[in-house]
Amino acid sequence: MANDHFLTLSCPDKPGIVHAVTGVFAAAKVNIIDLQQFSDPVTEKFFMRVHFGPTATESTEDLRASFDKLAAEYTWTYDVRPVAQKPRVLIMVSKIGHCLNDLLFRAKTGQLPIEIPLIVSNHPDFAPLAASYGIEFQHLPVTKDTKAAQEGKILELIKQHNIELVVLARYMQVLSPTLCEAMSGKIINIHHSFLPSFKGAKPYHQAYDRGVKIIGASAHFVTADLDEGPIIEQRVARVDHSMSPKALVDEGSNVESQVLAAAVKWYAERRVFLNGTRTVVF
């Protein structure tokens, strides 16, 4: 994939967008490897993801000049980046580590196209795990009185490490509106429930009390409204009356790891678009 790139764009829907985009590539004699598009009839917005290449050099300045002209005409918001460019990801965790461990393993083995320069936790438990992967670990305790200062430090670390995406891998603290706004559309959380059901603490115990036949997990973007952000991915597992709350937790942990990894992978591959309170995922 040398010199391959992703083009992602969104704009108000109108005729001619696909023709305009593909015309740029045809004129430049650049191959389109994969193209996905969606026109939302409700929001009247258009979304597109194009995998193109190889370009003659790593630079795409000649294409950008054409895209800038079209962006003005069609009111595009667009981005072009190399396929090989991995987003830098900050993982935040508390005391439950299955999602963290899964993400670290997948990144190390090349299953996730991300870089993880930093792990932040409000507990020290996973410092040895971070060290085993050669990743910086920051223990930042938090209380009600120190929350603003702690999140201020997190924002400093985000800037210092050039972080593009924050992943809450069972980070059991509610983020402030300030942090949510600063990283809007760039924080993914794993919620250990099939949203919108069983919010809050101990959702698997709530599910047990209700005698459910499926449990699930939801990966979503974080907003100031708790567990109300746009959903990226959801998966379920079948359970039955014979399973204890612990058995549900164990089964749920597997689903959580899979769902979070999928959401992070799709983000890294430029497949996820915000569409109001929903997402478009190619």
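**Ground rules**

I am working on a predicted model, where local features need pLDDT of at least 70, side-chain atom pairs count only at pLDDT 80 or more, and totals for chains, interfaces and linings use all residues. Residues are numbered from 1 along each chain as its sequence is written, and side-chain values use heavy atoms, with hydrogens and water left out.

**Entry: the sheet**

I began with the strands and helices, which are DSSP runs numbered from the N terminus (helices H or I, at least four residues; strands E, at least two). Two strands pair if DSSP finds at least two bridges between them. I found an open sheet of four strands in the order 2-3-1-4, with antiparallel pairing. Strand 2 and strand 4 (77-82) are at its edges with a single partner strand each, so one side of each has no neighbour in the sheet. On average, neighbouring strands are turned by 10° against each other, direction ignored; axes here are lines fitted to C-alpha atoms, for helices over the stretch in contact, and angles run from 0 to 180 degrees between N-to-C directions.

I then looked at strand 2 and strand 3 (residues 45-52), which run antiparallel and are joined by eight bridges. Which residue in strand 3 is the bridge partner of glutamine 37? I noted methionine 48.

Helix 1 (residues 17-27) lies across strand 1 (5-12), strand 2 and strand 3, at about 20° to strand 3. Helix 2 (residues 61-74) also packs on the sheet, touching strand 1, strand 3 and strand 4, and its direction makes about 160° with that of strand 4.

**Entry: aromatic pairs**

My rule pairs rings of Phe, Tyr and Trp (its six-membered ring) if their centres lie within 6.5 Å; planes under 30 degrees apart are stacked, over 60 edge-to-face, and the rest tilted. The count comes to eight aromatic pairs. Tyrosine 74 and tryptophan 76 are stacked, because their ring centres are 6.1 Å apart and their planes at 20°. Both tyrosine 74 and tryptophan 76 are buried (under 20% relative accessible area; exposed is over 50%, partly exposed in between; 1.4 Å probe, protein chains only). Phenylalanine 273 and phenylalanine 282 are an edge-to-face pair, at 5.4 Å centre to centre and 75° between the planes, and both of these phenylalanines are buried. I also wrote down one aromatic cluster, formed by Phe25, Phe52, Phe67, Tyr74, Trp76 and Tyr78.

**Entry: salt bridges**

I counted a salt bridge when a side-chain nitrogen of Lys or Arg is within 4 Å of a carboxyl oxygen of Asp or Glu. How many does a search of the whole structure find? The search gave 15 salt bridges.

One of them joins arginine 278 and aspartate 40 (3.7 Å, N to O). Arginine 278 is in strand 13 (residues 278-281) and aspartate 40 in strand 2 (residues 32-40), so this pair ties together parts 238 residues apart in sequence. Arginine 278 is exposed at 52% relative accessible area, whereas aspartate 40 is buried at 3%.

Another joins glutamate 164 and arginine 270 (3.3 Å, N to O). Glutamate 164 counts as buried at 15% relative accessibility, and arginine 270 is buried with a relative accessible area of 15%.

For arginine 235 and glutamate 233, the closest N and O atoms are 2.8 Å apart. Arginine 235 is partly exposed at 30%, while glutamate 233 is buried at 15%. Finally, I noted that salt bridges with shared partners join Asp79, Arg81, Glu164 and Arg270 into one network.

Terms used
Contact = heavy atoms within 4.5 Å.
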